[in-house]
Amino acid sequence: MIGQKIDHYRIDTLLGKGGIGTVYQAKDLNLARPVALKLIYPQFVNQRNYHEHILQQARKAARLTHPSIATIYNFDHVNGSLYLAMEFVSGNSLASTLGELRKRDMHLRLDEALLLAAQVADALSYAHQHGMLHRNLKPSNILLKQLETAAAKEAGLRAVVTDFGMTRLIRGDVKSAPVALADTLPYMSPEQCIGSPVDGRSDIYSLGVVLYQLTTGVLPFNITSTTEAMVMHALETPPSPRIRQPALPKSVVAIIIKAMAKQQSDRYQDAEQMADDLRTAVSNLSDANLQAFAPGTFIPYKALTASTNEAEFAQSNQQRSPNVRPIDSWLPLPEDELVVLLQEELDGAVLELDSEADEPPVIVTPAAAVPVLNQNRPAVVDSQNTPVIAQMPRTPPSAPPAKISPLTDQVIISRPGRAPRAVKLDKDRLKIGRSQDNDIVLSTNDVSRYHARLEQTPTGWQVVDINSSGGTYWGDHKLVPNVPEAWNASQSLRIGPYTLRWQHSRSPRPFRADEKQEDALTQLHQIPITGTLASSRTSQFSMMVNPTVLDLEPGNQTTVQVELFNQGTTGEQYTLRVVDLPDEMVLLSQNTVHLAPGSRARLPISLHVPTESRIKAGHHPYQIIVRTESDPAETAVVSARVTVAPTAQFSIEVWPLEVKNNGQCQVLVRNNGNGTSRMSLVGQS
């Protein structure tokens, strides 16, 4: 594509690829200026309804005029190519900037990070006031523009948000999302993950995740799958930002926690409020706060001890023992490991984890080093091999060792379309099944009455399948009945449509367990009156379609939900097709999905009759066909029908317009509607 012309734009350089198109740097030959040219992927251009959706969103986004929102100059469909010409921002994306800083073991200055987040909040506030949601805010959609002159109390950088309204929305359960969403999952809001309605507060949550990453250098959750995204965003509390970066002021931590609240009502209700709080936090920063974020330095949490004099420091730097590790190779630590490590270091002294204090740890120079408490513990050094030590309060020798109160492990239970819940593991053995006398009740016929058993071991938990009919799985691996298997905290256990993960009692800020309540008993699918259920040839999977009969007026759009359930014993890839309807009438946001045994997914089908289409009024029967990739004969089919409402439109032409002396004229009547019409023609003098 380099060197080619599209309309009056010459393509010069590839900038990157996104979810809906490829972005190039191009030159507007008419105005002699650089632009960012996004070419929409052909598979979307060929779907007329999606084509219209993109243009509609582009029209809305083009009305946004804000210094922190990339301006859309033009959009058009030329020679089979659908493009958007946007403002070209010469700087890097925030994602690439964070990646480069991470390679160099550096951080953004704290004041710069907060001001950039405030600028993004400004952009969100402006867009929300104009009826636009972003829905996919993440560092790769935030560009950094270098400013020639910075405004008072603002950074020398300007954050510019791109792709407002351009995101390809994936409706339904997050578990059905395509692999292309991998870089989006860490930033999704809880309501997006479980398929609930979203509003501007969803963008605020995403900005909270970005702010967490900006100020700590890491994401709040290590998400590698869609299931983890659903569980972690909707249920788990992230580690406190101060565990990752102890120097963060209390005010900044409060902003992050409020923006990332699980409940929408607990978040900022307006992005403008968040922007105001961020700028207030910047104005209150001390020199110590800024020093803590100096490039190349990472301050450990309340710190550890090292050698006692400068000579030993020098020797430690020149001849590092195997026990000496760079700080970035083992910090930040999980909270449970950190507490144990520090308690060992202090020989049982009480450690006060003061998350409210604003003062950062005190950096001690080599000459002012504190006495060593344990020569065998590793020294903590930064990336330049310079020891970094912080002073810690010490409990008098007479004080008794701190006792950590025993806590209870818990199992986190999630299910497509439902908010996750947690159940305490308060026994050594717990039964799982759909019968109400189980310790953990999973109320669906996909689960056996007595399905599995959890047993506590000295190192954690193990799982035993009790000859269940549907099986118990680690991913695609089916457990052998009556054979105990160790359950690692990182593993997701699958029973029917449920995903179970156990959380250690010492996990950072564990979720508070709910009462052991479960929904009323459900069938393989909840079939509404308007829905239809079908099974594949050998019942390896089933499909529920709702609704199967509907009415549709030209110019309107409706959605048919297709729910798939893998009843087999192995993971499988499924492909969905809609036949016997015009292509312009059907929009599939996703037509393939991979399901593990016992899991479900929803694939929405959007039906739309364009106002000026030639689709006739009346009944249009069609079929929805789903088949497996491994065996195309394993197919399920549901017959459905859409009725297009008639529209009465006509035009009339008369020539000549003036008739004299019993002359004649011709009258042409055109039926511009979508059905047969009867018309009466009456002439008057």
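Predicted model: local features only at pLDDT ≥ 70, side-chain atom pairs only at ≥ 80, totals over all residues.

Strands of a sheet pair through backbone hydrogen bonds, and the pairing may be parallel or antiparallel.

Is strand S25 (residues 541–546) mostly buried or exposed? Of its 6 residues, 5 are buried, so that the strand is mostly covered under the cut-off of 20% relative accessible area.

Strand S24 (residues 532–535) runs antiparallel to S25 and is joined to S25 by 4 bridges. Ser-535 has Ser-542 in S25 as its bridge partner, and Ala-534 stands opposite Met-543 in S25. The two strands S24 and S25 form a hairpin, with 5 residues between them. In the turn, Ser-539 has a positive phi of about 60 degrees.

S25 also pairs with strand S27 (residues 557–566), in the antiparallel sense and over 6 bridges. Here Met-543 stands opposite Leu-564 in S27. Met-543 therefore has a residue opposite it in each of two strands, Ala-534 in S24 and Leu-564 in S27.

## Helices H4 and H10

Two packed helices are described by the angle between their axes and the distance between the axes. For helix H4 (residues 110–129) and helix H10 (residues 271–283), the axes come within 8 Å and cross at roughly 160 degrees. That angle is over 145 degrees, which means that H4 is roughly antiparallel to H10. The crossing of H4 with H10 is left-handed.

Which residues meet in this contact? On the H4 side they include Asp-111, Leu-114, Ala-118, Asp-122 and Gln-129, and on the H10 side they include Glu-272, Ala-275, Leu-278 and Arg-279. The contact of H4 with H10 has 11 nonpolar, 3 polar and 4 charged residues.

## Helices H6 and H9

Helix H6 (residues 200–216) packs with helix H9 (residues 250–259) at an angle of about 145 degrees, and their axes are 8 Å apart. H6 and H9 cross in a left-handed sense.

In H6, Ile-204, Tyr-205, Gly-208, Leu-211, Tyr-212 and Thr-215 meet Val-252, Ile-255, Ile-256 and Ala-259 in H9. The residues of this contact are divided into 8 nonpolar and 2 polar, with no charged residues.

Notes
Residues numbered from 1 in each chain as written. Heavy atoms only, no water. Axes fitted to C-alpha atoms, helices over the stretch in contact; angles between N-to-C directions. Parallel < 35°, antiparallel > 145°, perpendicular 65-115°, else oblique. Left-handed = near helix turned anticlockwise from the far one by under 90°. Contact = heavy atoms within 4.5 Å. Nonpolar A, V, L, I, M, F, W, Y, C, P; charged D, E, K, R; others polar. Buried < 20%, exposed > 50% of the residue type's maximum accessible area, 1.4 Å probe, protein only.
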